[in-house]
Amino acid sequence: MVRSARERVPLKIGAEARRASGMRAEQVLAPVTEVPDDLVELGYIGDAYGIRGWIKVQPHTGKGESLLSAECWYFRRPGAPEYTKANVLYSRAHSGTVVAQLRGSENRTAAEALKGLQVWVPRSAFPSAGEDEFYWVDLIGAQVTNLQDELLGKVVGLLDNGVHTVLRVAYDEPAVDGKPAKTAERLIPFVGQYIQTVDVEAGRIVADWGLDY
């Protein structure tokens, strides 16, 4: 079968899509009283996409692969305690973002009402990482030591400088010359030149990095 150049083919078609023909959801977002305890914030809805109810999600890191693997997303307004959720009918990568249609979102007006929502997915819904690949959420909290077994600190976040990922490693800096103790950060490139081993289960990373770098 040859498809026309204008026809868009989603990379992932959820099971809900096969049952949605002729259905109309009462609302796009359903309130929830309980949420999975392994939810991870992966991005936010930046805008509507097209005129048929699709949304555009800006991932916090990477290209949103973990968004594509989940058939149900959870949502929350920044600063709000309540979560909602919706089933994902279609989703695909698009120019560094993820575009998707949620069940019940049938026009641009409905999609625009979702702008600004944080998008959360259970960690258990992530696809398996490949060899020598790691999800950033699994690195947060890991203790980082160097080849001399000196403690460099704890991973508190990651940065993407466009070339490679950088670990934000926090450590306690003692009081010196009357200056109070404080928490400082080391920025360690997450590349093979510096990262020697990563043990996700043990929460430990060994880096070729000095205390005075």
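Trainee: Where is the place of Ser66?

Mentor: This is a predicted model, so keep that in mind throughout. Ser66 sits in helix 2, which covers residues 65-68.

Trainee: Is Ser66 buried or exposed?

Mentor: Look at the relative accessible area. Under 20% counts as buried. Ser66 has 7%, so Ser66 is buried.

Trainee: Which residues is Ser66 in contact with, leaving aside its neighbours within four places in sequence?

Mentor: Read contacts beyond the local stretch of chain. With neighbours within four places set aside, Ser66 touches Leu42, Val121, Phe126, Pro127 and Tyr135.

Trainee: Next, the cores. How many residues has the largest nonpolar core?

Mentor: A nonpolar core is a set of buried residues joined through side-chain atoms. The largest one here has 25 residues. Ile55, Trp73, Phe75 and Leu102 have the most contacts inside it.

Trainee: Which elements each supply at least two residues of this core?

Mentor: Helix 2 is one of them. The others are strand 3, strand 4 (54-59), strand 5 (72-76), strand 6 (84-94), strand 7 (97-102) and strand 8. Strand 3 gives the most, with 4 residues.

Trainee: Take Phe75. What is Phe75 in contact with, leaving aside its neighbours within four places in sequence?

Mentor: Its partners include Leu29, Ile45, Tyr83, Ala86, Leu102, Leu117, Val119 and Trp120.

Trainee: Which residues does the second, separate core include?

Mentor: That core has 12 residues, among them Leu139, Ala142, Leu152 and Trp209.

Trainee: Now charges. How many salt bridges does the structure hold?

Mentor: Look for a side-chain nitrogen of Lys or Arg within 4 Å of a carboxyl oxygen of Asp or Glu. The structure holds 6 salt bridges. One of them joins Asp47 and Lys115, with the closest N and O atoms 3.8 Å apart.

Trainee: Which parts does the pair of Asp47 and Lys115 tie together?

Mentor: Check where each partner lies. Asp47 is in strand 3 (residues 39-49), while Lys115 is in the loop between helix 3 (108-112) and strand 8 (118-122), so the bridge ties together parts 68 residues apart in sequence. Asp47 is partly exposed, at 29% relative accessibility. Lys115 is partly exposed too, at 38%.

Trainee: Which side chain meets Asp149 in a salt bridge?

Mentor: Arg204 does, at 3.2 Å from N to O. This pair also links distant parts of the chain, 55 residues apart. Asp149 is in the loop between strand 9 (143-146) and strand 10 (151-160), and Arg204 is in strand 14 (residues 204-207). Asp149 is exposed, at 57%, whereas Arg204 is partly exposed, at 36%.

Trainee: What about Lys182: which side chain does Lys182 meet in a salt bridge?

Mentor: Glu173, at 3.6 Å from N to O. Lys182 is partly exposed, at 49%. Glu173 is partly exposed, at 28%.

Trainee: Last, the pocket. How much space lies in the largest pocket?

Mentor: Start with volume, then turn to the lining. The largest pocket holds about 770 Å³ of space. Its lining has 28 residues, and Thr61, Gly62, Phe134, Trp136 and Thr165 lie nearest the centre.

Trainee: Which elements give two or more residues to the lining of the largest pocket?

Mentor: Strand 3, helix 2, helix 4 (136-139) and strand 10 do. Strand 10 provides the largest share, 4 residues.

Trainee: What classes of residue does the lining of the largest pocket have?

Mentor: Sort them by class. The lining has 14 nonpolar, 9 polar and 5 charged residues.

Methods: Residues numbered from 1 in each chain as written. Predicted model: local features only at pLDDT ≥ 70, side-chain atom pairs only at ≥ 80, totals over all residues. Heavy atoms only, no water. Buried < 20%, exposed > 50% of the residue type's maximum accessible area, 1.4 Å probe, protein only. Contact = heavy atoms within 4.5 Å. Core = buried A, V, L, I, M, F, W, Y, C linked by side-chain atoms within 4.5 Å. 1 Å grid on protein atoms, 1.4 Å probe; cavity = no way out; pocket = protein on both sides within 12 Å on 5 of 7 lines; lining within 4 Å. Points joined across faces, edges and corners; volume = space filled by probe spheres on them. Nonpolar A, V, L, I, M, F, W, Y, C, P; charged D, E, K, R; others polar.
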